[in-house]
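Hi there,

Here is the structure I promised to pass on. My notes on its charged side chains follow below.

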Amino acid sequence: MTDDASTILVVEDDTATRTFLADNLTADGYEVLVSDCARDALRLLETRAPDLLLLDLGLPDRPGLEVLRRLRAADGVASRMDPGTPVLVLTGRGDEIDRLRGFAAGADDYVPKPFGYGEVRARIDALLRRCRGRRTLGRIRAGALEIDPAAHTVLLRGRQVVLSQKEFALLRVLAAEPSRVWSKDELLRTVWGYQSLGRTRTIDSHACRLRRKLGIDGDRFVVNVWGVGYRLLDPVLPVAA
């Protein structure tokens with residue numbers, strides 16, 4: 001396996017620098033995505049799941065550090081962004097305080113401008129090697145279900161099941177440990193980000209809809225454990241093959 005098949009998102013508002021990086025990275029075999037603003041960068045992080053983010057801090061619509069903070073704050077469940085995506089910051093702000101702020105926000109490496117492409121390429125390779133083993137976005141199988149977190153798709157015996165964003169997030173959490181009972185408090189914190197729980201029927205209504213969509217062939221998914229919470233599979237009744 002080589003890193004040359006990796007996808008790199010280049011976020012840089014200077015056209016000459018963006019083109020220079022994109023041309024060289026493409027010539028080296030990477031798939032390259034480009035953006036000149038924070039808004040588009042966040043969209044590409046959500047929809048394309050790049051393997052590495054090359055991020056300028058001086059963007060026209062909002063600071064690059066805000067993009068970095070939002071990426072690191074993503075839960076990897078309800079959000080499509082992978083919070084573990086390695087980030088190499090490229091910026092003209094090369095003072096020590098600026099570098100410290102970048103690292104505090106979650107940067108993995110930092111190269112001040114002006115820079116040489118050879119060094120940038122070497123640092124990209126190092127980050128990809130270091131982070132190669134952390135990828136957890138592979139497909140999840142549970143009984144007759146196949147869940148693809150990266151594509152946000154669910155197949156039941158090869159047929160796609162259409163879920164809302166929160167239904168998908170709930171299913172992904174339950175599928176991580178199909179026989180484990182997740183308390184309602186755990187699910188509300190993980191999927192909905194609730195800090196103060198109080199009384200809510202949110203989890204029950206979503207679980208009911210998810211159970212109905214997945215039970216079309218008589219399967220028993222999303223089991224309510226009375227007084228505790230939910231699990232994906234019933235350990236007593238096998239899922240139909």
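To start with a question: which residue does the side chain of Asp-217 meet in a salt bridge? The partner is Arg-159, with 2.2 Å from N to O. Please keep in mind that this is a predicted model. Asp-217 sits in the loop between α8 (202-214) and β11 (221-225) and Arg-159 in strand β9 (residues 159-160), so the pair ties together parts that are 58 residues apart in sequence. Asp-217 is partly exposed at 38% relative accessibility, and Arg-159 is partly exposed too, at 45%. Both belong to a network of salt bridges that also links Arg-157 and Asp-219.

The count of salt bridges comes to 20. Another one joins Glu-31 and Arg-48, at 2.9 Å from N to O. Here Glu-31 belongs to strand β2 and Arg-48 to helix α2, so parts 17 residues apart in sequence are tied together.

Within helix α5 (residues 117-131), Arg-121 and Asp-125 lie four residues apart, about one turn of the helix. Their closest N and O atoms are 3.0 Å apart in a salt bridge. Arg-121 counts as buried at 19% relative accessibility, and Asp-125 counts as buried at 16%.

Glu-167, in helix α6 (residues 165-176), is buried with a relative accessible area of 2%, and a polar atom of its side chain lies 2.9 Å from the backbone nitrogen of Ser-164. On the surface, Asp-13, Asp-14, Asp-36 and Asp-61 gather in a patch of negative charge.

Best wishes

How values were computed. Residues numbered from 1 in each chain as written. Predicted model: local features only at pLDDT ≥ 70, side-chain atom pairs only at ≥ 80, totals over all residues. Heavy atoms only, no water. Patch = residues over 30% accessible without salt bridge, like charges linked within 9 Å, V, L, I, M, F, W, Y side chains within 5 Å. Areas by Shrake-Rupley, 256 points an atom, 1.4 Å probe, with all protein chains shown as cover. Salt bridge = Lys/Arg side-chain N within 4 Å of Asp/Glu carboxyl O. Lys, Arg positive; Asp, Glu negative; His and termini not counted. Charge placed at Lys NZ, Arg CZ, Asp CG, Glu CD. Helix = DSSP H or I, 4+ residues; strand = E, 2+ residues; numbered from the N terminus. Buried < 20%, exposed > 50% of the residue type's maximum accessible area, 1.4 Å probe, protein only. Polar contact = N/O pair within 3.5 Å; in protein donor to acceptor, adjacent residues only side chain to side chain.
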